[in-house]
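Here is my note on the model, point by point. Please keep the coordinates open while reading.

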Amino acid sequence: MTTRADQPQPALNLRHAVAIIVGIVIGAGIFKSPSLVAQFSGSASAMMWAWLLGGAISLLGALCYAELAAAWPHAGGDYHFLLRAYGRRVAFLFAWARFSVITTGSIALLGFVFGDYMSALLPLGTEHSSAIWGALALVVLTWLNLRGLQASASTQSWLTLAEVLGLVLVIVAALWLSSGNGSGGGDLRVVESVQTAGSGSSMWGLAMVFVLLTYGGWNEAAYLSAEMRGSRKRMLHALVISIGLITLLYVGVNWAYLSGLGLAGMAESQAVAADLLARAFGPAGQWVMALMVAVAAITSMNATMIVGARTNFAVGRDWSALAFLGRWQQARGVPSVALYAQSICALLLIVLGDHMRSGFQTMVDFTAPVFWLFFLLSTLALIVLRVREPHAERPFHVPFYPVVPLLFAGVCGYMLWSSLAYVRTGALVGVGVLALGAALLWWLERVSRTH
């Protein structure tokens with residue numbers, strides 16, 4: 001029998017929620033994607049509009065998720081919304097995809113990013129240095145999260161603050177250069193166009209793919225909805241504040257890149273932030289940049305671990321054969337078994353990635369189509385549940401319904417198509433993983449019938 005004592009309790013304040021959301025979204029992407037966006041935008045103004053539009057699109061999606069999370073706060077997040085809208089099978093396939101690659105793959109990837117940059121700062125003298133650093137980070141963060149939600153959330157607040165200050169430093173570097181200082185010299189004029197990327201609508205659409213990938217992750221806030229203190233509308237506040245802050249930072253940072261390097265310089269750069277800081281502060285700037293990316297990676301890694309384990313917990317509550325995952329350690333406010341399972345899987349992926357880099361890259365590629373497929377279904381669940389449960393209490397209603405959810409669903413559909421179009425091999429791997437999940441689902445249903 002489930003009691004209140006073995007379920008999530010309201011323990012997070014608004015500051016904790018914002019720190020977790022911002023920490024998930026601002027990862028290594030903002031240090032890499034701007035170069036690609038510059039290549040495909042065609043002009044400086046188009047590039048800046050792309051980053052502003054990315055924030056606006058994210059806000060549309062956040063409004064949809066705010067209604068769902070306010071009406072049905074649950075540790076399962078998307079899983080719970082899909083369960084109510086489409087039933088157990090679709091929800092389980094989402095949980096399987098999330099456990100097998102989407103979340104654990106993201107944790108492993110962030111571990112490698114952290115390891116790559118820590119190896120640059122403190123090399124371990126072995127070709128496995130990156131994997132060792134990543135595994136150590138995973139073990140330490142698992143221990144931290146097992147100590148309790150308050151410990152992991154407080155750590156997240158400090159990590160996110162350091163991450164944001166790092167992005168502010170990028171803006172300061174551009175201001176320093178624009179005032180005639182810096183060690184790199186050179187012409188700081190903005191180049192209005194680049195010839196290598198083209199300026200057609202298809203190329204600008206590809207630029208938006210990378211922009212939205214860099215904004216991705218705010219939807220993870222739904223997994224915290226059952227643990228937010230105060231009114232159910234607090235999740236709306238957390239999402240709006242987070243996306244507003246992220247948009248300001250992203251626009252400011254891209255302005256900094258543009259001011260310091262020009263559009264052509266951005267497009268040609270392999271490490272745009274490192275190039276800017278090196279130009280402003282010399283070799284010391286590159287060292288600071290490596291530390292910034294390492295901090296960003298471990299910040300996103302910790303935040304992803306916090307929200308990721310909650311899907312496994314929710315699945316354990318709904319499937320008797322997986323009940324061991326649904327144990328909630330009330331004294332510390334964590335789903336301990338689900339967290340262990342997540343960390344073990346992520347650690348195995350780090351080991352696999354260390355020995356099979358190309359295979360690991362293919363596995364990573366397939367996360368995009370699978371992610372956008374279920375993102376699309378979660379957005380449409382808002383409309384399905386409006387029809388199916390019209391009298392449910394909704395502390396917040398999406399404005400301009402159904403225009404807003406349909407617009408965001410259209411974006412998700414476009415991103416799904418783009419992912420399939422540009423990542424063909426990965427899409428096949430994704431289908432294979434979902435097929436494996438379908439086989440596991442068939443077995444679970446047989447076990448349930450025998451009981």
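**Notes on the predicted model**

1. T160 is buried, at a relative accessible area of 6%. Buried here means under 20% relative accessible area, exposed means over 50%, and partly exposed is in between (1.4 Å probe, protein chains only). T160 sits in helix α7. Its contacts, leaving aside neighbours within four places in sequence, are A19, V22, G23 and T299. Contact means heavy atoms within 4.5 Å.

2. On provenance: this is a predicted model, in which local features need pLDDT of at least 70, side-chain atom pairs count only at pLDDT 80 or more, and totals for chains, interfaces and linings use all residues. Residues are numbered from 1 along each chain as its sequence is written, and side-chain values use heavy atoms, with hydrogens and water left out.

3. The overall picture comes next. The protein chain has 16 helices and zero strands. Helices (H or I, at least four residues) and strands (E, at least two) are DSSP runs, numbered from the N terminus. Of the 451 residues in the protein chain, 57% count as buried. Take the contacts between residues at least 6 apart in sequence: 82% of them join residues at least 24 apart. Accessible areas come from the Shrake-Rupley method with a 1.4 Å probe; for residues, only the protein chains shown count as cover.

4. How many salt bridges are there? The count comes to five. The rule asks for a side-chain nitrogen of Lys or Arg within 4 Å of a carboxyl oxygen of Asp or Glu. One of them pairs R386 with E67, at 2.8 Å from N to O. This pair links distant parts of the chain: R386 is in helix α14 (residues 367–388), E67 is in helix α3 (residues 44–71), and they are 319 residues apart. R386 counts as buried at 18% relative accessibility. E67 counts as buried at 0%.

5. E67 has another partner. R394 forms a salt bridge with E67, and their closest N and O atoms are 3.4 Å apart. Again distant parts of the chain are linked: R394 is in the loop between α14 and α15 (403–422), E67 is in helix α3, and the separation is 327 residues. R394 and E67 are both buried.

6. A further salt bridge joins E220 to R98, with the closest N and O atoms 2.5 Å apart. E220 lies in the loop between α8 (201–215) and α9 (234–268), and R98 lies in helix α5 (residues 88–121), so the pair ties together parts that are 122 residues apart in sequence. Both E220 and R98 are buried. Elsewhere, salt bridges with shared partners join E67, R386 and R394 into one network.

7. Helix α5 deserves a look. It has 34 residues and reaches 47 Å from its first C-alpha to its last, close to the 50 Å expected at 1.5 Å a residue. The expected span is 1.5 Å times one less than the number of residues. α5 bends by about 50 degrees at R98. The bend is the angle between axes fitted to the seven residues ending there and the seven starting there. Of the 34 residues of α5, 24 are buried, so this helix is largely enclosed by the rest of the structure.

8. Which residues does F114 touch? Not counting residues up to four places away in sequence, they are W133, A137, A294, A297 and I298. F114 is found in helix α5. F114 is buried, at a relative accessible area of 9%.

9. M118 counts as buried at 12% relative accessibility. Leaving aside neighbours within four places in sequence, M118 is in contact with P123, W133 and A294. The C-alpha atoms of M118 and A294 are separated by 6.5 Å, although these residues are 176 apart along the chain.

10. Finally, the surface. V168, V172, W176 and F281 make a nonpolar patch of about 320 Å². Patches are made of residues with over 30% relative accessible area and no salt bridge: like charges are joined within 9 Å, nonpolar side chains (Val, Leu, Ile, Met, Phe, Trp, Tyr) within 5 Å. Helix α7 (residues 149–178) gives the most to this patch, with three residues. F281 lies in helix α10 (residues 272–281). F281 is partly exposed, with a relative accessible area of 35%.
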